[in-house]
Amino acid sequence: MRTLFAILTFYFWFTGQVFSQQQEVMELDLESALSLAFENQPLLQQFVNETEKTDYAIKSGKSAWIPQLNLEGAVNRYFQQPVAIFPDFDNPESGEFQEVRTGVPHNANLNFSLSQNLLNNELFRINAQASHLKQAASQSLEDIKIQVVVGLSKAFYEVFLAEEQVRLAQEDIKRQSRQLEDAKLQLEAGLTDNIDFKRATITLQNTQSQLYQYKEEKEIKVAALKYWLGMDTDIEINVRASAAQLEEELTPDTLLVYEAKNRIEYQVLESQKAIQNAEISYQKRRFLPDVSAFYDYNFLFLSPVGSKLFDQVYSFSLIGLQLNLPIFLGGKRKFEARMAALDLQNINLDQKRLILEVNLEMQEALSAYKNSFYLLKTQKSNRELAEEIYGTISLQYEQGIKNFLEVIQAETDLRTARINYLRSLFNATTAKIDLQKARGEIKTDY
């Protein structure tokens, strides 16, 4: 029985270890990475919470239109009762006054109050601004989503570039290891001197150093990607992408007519204008009074003896209207109305400035994309030529036509051309993202 229990324990432990190791590696394409980030990125979650807070704040403000019911109460014990001054009732014509202590030592009261706002400028402002405040909060969230999409996409492609650099370096090391072995055999056979062997050793060691550097760079890029994903640092992440697919996607219409209204920043300013217009209307209505209706019901308990305080209750009630009308505030309303008008002017100026900034950003992004796309074509051609040259020289070296130095030079050119192509592809891809952001074309439905 103990043996069976030990076997089962080991089995479940081993299964758990294998499962946990499988869970530590995560392969992501860009779509799944963006979906994951929208679920886990703390900054994005904070703005989601801010959007909900705005909704609750609006509901809280509007709740003042609903009848308000309050309950107040107090219990008092006078050690010295209040004094009231009355005329001398025994001799009213004397003009003398007498001090009389009023009330009883023990008293308590309980007050139920029901009120209803009938006319309130603050509540009118809340009603006018509510929909625009919700829209502004939603647009701010959309702005953060765009930032997350752009930041994560670039981080994703940086990891892809780092992984490809590591892969190419590993392929180079395998090929150079074979070349080193061939050079060693030829040296031992007396067909060549030790120069080719030393050159092959230097080339291999340089590539191994480059591989170490690429791996370190990859760790940094993966850490940046994990930040945008909002993921635990213990999880290993591999990205799924291909150079051919990225190259096919580099086809945005550079002749597309651009409108600044497509930018989320412009839409945010539009919402701010609507909010500020409601604020100006509020300032213009400051002459209105605040009017509310109320109903109070009071229970009053009085007794000279504390133990008998609640034996007798004296109740009274009243209903009425309350009016608050500021007549003269020293010009405060006029000055605040002018301040609100200036705030609206500043928002209009912000829109004009934004259009200028976005036009500049658009031109810079478009120029960067065209340049990077042109450079990508050049580097792709260079890579293909370098592959052909290396293949030809390697064959000629095997036939004894070319020397080993030319093989090494062709391989160096090939490695450089491949890396340059990858980096050009990365630059063109990120330039496309910047162009889409400048045009307001970033999608956030993940």
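Student: Where is Leu114 placed?
Tutor: Leu114 is in strand E5. Before we go on, note that this is a predicted model.

Student: Which residues make the nonpolar surface patch?
Tutor: Leu114 is one of them, together with Leu69, Leu71, Leu110, Phe112, Tyr295 and Ile319. The patch covers about 680 Å².

Student: Which strands supply at least two residues each to that patch?
Tutor: Strand E2, residues 68-77, and strand E5, residues 106-119. The largest share comes from E5, with 3 residues.

Student: Now charge. Which residues gather in the patch of negative charge?
Tutor: On the surface, Glu24, Glu216, Glu219, Asp232, Asp234 and Glu236 form that patch.

Student: Take Asp234. Where is its place?
Tutor: Asp234 is in the loop that runs between helix H5 (194-229) and strand E6 (236-239). With a relative accessible area of 64%, Asp234 is exposed.

Student: On to salt bridges. How many does the structure hold?
Tutor: There are 25 salt bridges in the structure.

Student: What does Glu163 meet in a salt bridge?
Tutor: The side chain of Glu163 meets that of Lys218, at 3.9 Å from N to O. This pair links distant parts of the chain, with Glu163 in helix H4 (residues 121-188) and Lys218 in helix H5, 55 residues apart.

Student: Is Glu163 buried or exposed?
Tutor: Glu163 is buried, because its relative accessible area is 15% and the buried class is under 20%.

Student: And which residue pairs with Glu247 in a salt bridge?
Tutor: Lys380, with an N to O distance of 2.8 Å. Glu247 sits in helix H6 (residues 243-248) and Lys380 in helix H8, so to speak of sequence, the two are 133 residues apart. Glu247 is partly exposed at 21% relative accessibility, and Lys380 is partly exposed at 27%.

Student: What does Lys432 form a salt bridge with?
Tutor: Glu249, and the closest N and O atoms are 3.9 Å apart. Lys432 belongs to helix H9 (residues 404-439) and Glu249 to the loop between H6 and helix H7 (264-284), so this pair ties together parts 183 residues apart in sequence.

Student: What is Leu344 in contact with, leaving aside its neighbours within four places in sequence?
Tutor: Lys273, Gln276, Asn277 and Ile280 are in contact with Leu344 on that basis. Leu344 counts as buried, at 15% relative accessibility.

Student: And how far is the C-alpha atom of Leu344 from that of Ala368?
Tutor: The two C-alpha atoms are separated by 36 Å, with the residues 24 apart along the chain.

How values were computed: Residues are numbered from 1 along each chain as its sequence is written. This is a predicted model: local features need pLDDT of at least 70, side-chain atom pairs count only at pLDDT 80 or more; totals for chains, interfaces and linings use all residues. Side-chain values use heavy atoms; hydrogens and water are left out. Patches are made of residues with over 30% relative accessible area and no salt bridge: like charges are joined within 9 Å, nonpolar side chains (Val, Leu, Ile, Met, Phe, Trp, Tyr) within 5 Å. Accessible areas come from the Shrake-Rupley method with a 1.4 Å probe; for residues, only the protein chains shown count as cover. A salt bridge is a side-chain nitrogen of Lys or Arg within 4 Å of a carboxyl oxygen of Asp or Glu. Lys and Arg count as positive and Asp and Glu as negative; His and the chain ends are not counted. The place of a charge is taken as NZ of Lys, CZ of Arg, CG of Asp or CD of Glu. Helices (H or I, at least four residues) and strands (E, at least two) are DSSP runs, numbered from the N terminus. Buried means under 20% relative accessible area, exposed over 50%, partly exposed in between (1.4 Å probe, protein chains only). Contact means heavy atoms within 4.5 Å.
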